[in-house]
Amino acid sequence: AAAGGPQYLSGLNPEQREAVETLDGPVLVLAGAGTGKTRVLTTRIAHILSQGRARPPEILSVTFTNKAAREMKLRLGQMLGQAVEGMPWLGTFHSIGGRILRVHAELVQLKSNFTVLDVDDQVRLLKQLLQAEGIDDKRWPARMMAGLIDGWKNRGLMPSQVPAGEAASFGNGKGGKIYATYQERLKILNAADFGDLLLENIRLFRENPDVLRGYQNRFKFILVDEYQDTNVAQYLWLRLLSQAPSRPGLPLSAVIPGRLEEANPESRDQEGSSRESGLAPDSAPRNDGSPQPPTRNICCVGDDDQSIYGWRGAEVDNILRFEHDFPGAKVIRLERNYRSTGHILAAASHLIAHNEGRLGKTLRTEDVDGEKVTVTGSWDSEEEARAIGEEIEELQRAGENLNDVAILVRASFQMREFEDRFVTLGLSYRVIGGPRFYERAEIRDALAYLRTINSPADDLAFERIVNVPKRGLGDATVQMLHDHARKRRIPLFEAARAVVETDELKPKARGSLRDLVMQFDRWRAQSEVTSHTELAEIVLDESGYTEMWQKDRSADAAGRLENLKELVRSMEEFENLQGFLEHISLVMDRDGDAGDEAVSLMTLHSAKGLEFDNVFLPGWEEGLFPSQRTLDEQGRAGLEEERRLAHVGLTRARRRAKIYFATNRRIHGTWSTTIPSRFLDELPAHNVEITESKGGSGWGGSGGYGASRFDNLESFGSSYSTPGWQRAQANRRGGQNRGGSGFEERQSSFSGSRSGTSGGFGQARR
Ligand code: ATP
Ligand code: MG
């Protein structure tokens, strides 16, 4: 380790140190997980400040989340031995973009106090516009349009820049017009949506070179973390800011071979998300000392193997093109991983090596081998949650701090089972990067319907869903119901019943409200005769609530639908609606802020950049992980992105990585047999240990079976169970299984068709 120099530099390896100390010119740190990229960025800021090269307000530093920004500020303070005051430009793309936009709002036809619309406002506005254009909302839902516009904005496309054919394929050929009118309306409303925070910022810079120059001059240093996940809009924004104020001509074409035709970044937005493959930095021309245009001091760090936001428009190409975009860039590779012990790192590296589209890199650790990555099978997701709960309690007894324990799931619906389990066990937990399961908007909506059925006097519940989905019962109607209820001292729902008998409401609203009241009466009658889970399905269906999300094209709609199914599934564990709702209020009652020590629960996506001593990775099953939806929609590219996600998951672990899969998942009331994830096959046997499930509660643990199909893992031997055993267990749990033989057939046909080995379930188990 390099000795000498300021304290914060000691301990860095030579490559890290080079990345920190190369302050002039563009620098790209392209390196794998846990190699200290984020640490390099933070140290670089400390270095810039302590060398007096810039003051805090002259440094632009972009992180992927607000949490990461806070973290960085904290670390910086520790390095410099004093709290860092005034790093106003350390934050996410959107927070910084929004900040700049407020200062110059009038230049983009806004006022500085403009409001930022949320998705609901966005949809409401679009709905009006679609109506005005006479476009059928049923065929072209407003939510779909909102998703489309977001996509265009991620690609940096103003209305005039959307390829005509693409815009015309929506809304009877009027997609482009809707987008344009939408932008105009936002201006009239003095509002911006989330995408505008960057897009309007880009427009601001393009149309006002003097403003742009001001920021170019101000930011002496630009730093970007997680560069592999920037989308086109973010890229364009960075490019504008990082150009030298007096950039001569268009020198890029001079140093870049012909196949990269565009000489300025702006032309790139026309091609949208088209991919230029084969642009590995190695193939880039060497800069031979010929005169280069002055470039800014920009330092980006990233890892192509951790690019996991392709579905949100991120372009891993940005990282591959860095040397072209920033001539004279110094590319630094870090190879030593400081985070994970040997087995974990080896398993993660071996897994990601199955991807074709990657730059490839070596990662080594000087740490001990440590514990092997464990793979544990369990009967179903309930057993999985129980097993993980027990393991965590064991870790706790062994003196581990709960803050060093994380559970990383592929889909948010998986969290429900863990949250319920933790509440039962009294284990503190916190959900990172999103609300807790029962606090999600779609879950609260669904619960509001059920609460209204269960107790008609629950005004809060009724008010929440009276106009969700939209049924023409706006604020005025609700206000009137309130007045009525207050005057007569009756619940809101009863006020509704009374009001529809009068002519106080306009006919349309009146009809709509009457329908709703009648629906609730019918549901209440049904609740006497049908099971509460069935009732929930009926309500979600008949109310139009499920349909509302089915029509939604925003990126998270599918996840919400999954959550709704999971909600219904969770109800099966309770005897009746009353019992279920009591349980919910218990769960919700728990302090949201889990106190000092808590297990972290989050999706793999939100785990980016984080690290924990102990990482649990449940749900490694085909269909769930890799996600069937991603495979269906994106094929091979989708599979590679899922694999990068698995890689991100494993590389979060410092000392223990524990993978789980369940052989049955009960989805929507029916058993479905699952197949262990192909990613398990891709783990190196030497670094992995198959273990017994600890959650089997005396059923002998279903842990091992299924393990035998991992092509390169040793056969699990005799600990699998007999078909008779499976049938018995399934019957014990509600008897909705398809029976032992069907189960086996599916397994053998799968392993036969996929791996072609005899290591499959069916055969191995005979
Ligand atoms: P990711 O790709 O997951 O974001 P990263 O490359 O940003 O990872 P960091 O989070 O910066 O990696 O570092 C990983 C861990 O290694 C951190 O705990 C960090 O403090 C530690 N670390 C990094 N460099 C060194 C070093 N030179 N000496 C000791 N520890 C280090
Ligand atoms: Mg990092």
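User: Which residues in H6 meet residues in H8?

Analyst: A contact here pairs residues whose C-beta atoms, placed from the backbone, lie within 7 Å. Helices (H or I, at least four residues) and strands (E, at least two) are DSSP runs, numbered from the N terminus. In H6, Met-145, Leu-148, Ile-149 and Trp-152 meet Gly-175, Ile-178, Tyr-179 and Tyr-182 of H8. This is a predicted model: local features need pLDDT of at least 70, side-chain atom pairs count only at pLDDT 80 or more, and totals for chains, interfaces and linings use all residues. Residues count from 1 along each chain as its sequence is written, while chains are lettered from A and ligands numbered from 1 in the order written.

User: At what angle do H6 and H8 pack?

Analyst: Axes are lines fitted to C-alpha atoms, for helices over the stretch in contact, and angles run from 0 to 180 degrees between N-to-C directions. H6 and H8 pack at about 80°, with axes 11 Å apart. The two are therefore roughly perpendicular. The classes are: under 35 degrees roughly parallel, over 145 roughly antiparallel, 65 to 115 roughly perpendicular, the rest oblique.

User: How many nonpolar, polar and charged residues are in the contact of H6 with H8?

Analyst: Ala, Val, Leu, Ile, Met, Phe, Trp, Tyr, Cys and Pro count as nonpolar, Asp, Glu, Lys and Arg as charged, and the others, Gly among them, as polar. The contact of H6 with H8 has seven nonpolar residues, one polar and no charged.

User: How far apart are the axes of H5 and H8?

Analyst: The axes of H5 (residues 119-132) and H8 (residues 175-188) lie 10 Å apart, and the helices pack at about 125°. That makes H5 oblique to H8. H5 passes H8 in a right-handed crossing. A crossing is left-handed if the near helix is turned anticlockwise from the far one by less than a right angle, right-handed if clockwise. Leu-125, Leu-126, Leu-129 and Leu-130 of H5 meet Ile-178, Thr-181, Tyr-182 and Arg-185 of H8. Six residues of this contact are nonpolar, one is polar and one is charged. Ile-178 and Tyr-182 of H8 also meet H6.

User: Which domains does the assignment give?

Analyst: Bounds come from an automatic or database domain assignment. The protein chain has domain 1 (7-98 + 200-332), domain 2 (117-189), domain 3 (342-409 + 598-739) and domain 4 (439-584). The C-alpha centres of domain 2 and domain 4 lie 29 Å apart. Their contact takes seven residues from domain 2 and five from domain 4. H6 (residues 142-154) gives the most to the domain 2 side, with five residues. That side divides into five nonpolar residues, one polar and one charged.

User: Why does ligand 1 lie between domain 1 and domain 3?

Analyst: Both domains give residues to the shell around ligand 1, so the ligand lies between them. A residue is near a molecule if its C-beta atom, placed from the backbone, lies within 6 Å of it. Of the 18 residues around ligand 1, Gly-36, Lys-37, Thr-38, Arg-39 and Tyr-338 come nearest. The shell has three nonpolar, 10 polar and five charged residues. H2 (residues 37-50) gives the most to this shell, with three residues.

User: At what angle do the axes of H2 and H3 cross?

Analyst: The axes of H2 and H3 (residues 66-80) cross at roughly 50° and come within 9 Å. These helices are therefore oblique to each other. H2 passes H3 in a right-handed crossing. On the H2 side are Thr-42, Thr-43, Ile-45, Ala-46, Leu-49 and Ser-50, which meet Met-72, Arg-75, Leu-76, Met-79 and Leu-80 in H3. The contact divides into seven nonpolar, three polar and one charged.

User: Now the backbone. Which residues does a cis peptide bond join, with omega about -5°?

Analyst: Val-468 and Pro-469. Pro-469 sits in the loop between H19 (459-465) and H20 (475-488). The peptide bond from Phe-625 to Pro-626 is also cis, with omega near 5°. Pro-626 lies in the loop between strand E13 (612-617) and helix H27 (628-650).

User: Which residue has a positive phi although it is not a glycine?

Analyst: Gln-109, with phi of about 60°. Gln-109 lies in the loop between H4 (93-103) and strand E4 (115-116).

Key. Contact = placed C-beta atoms within 7 Å.
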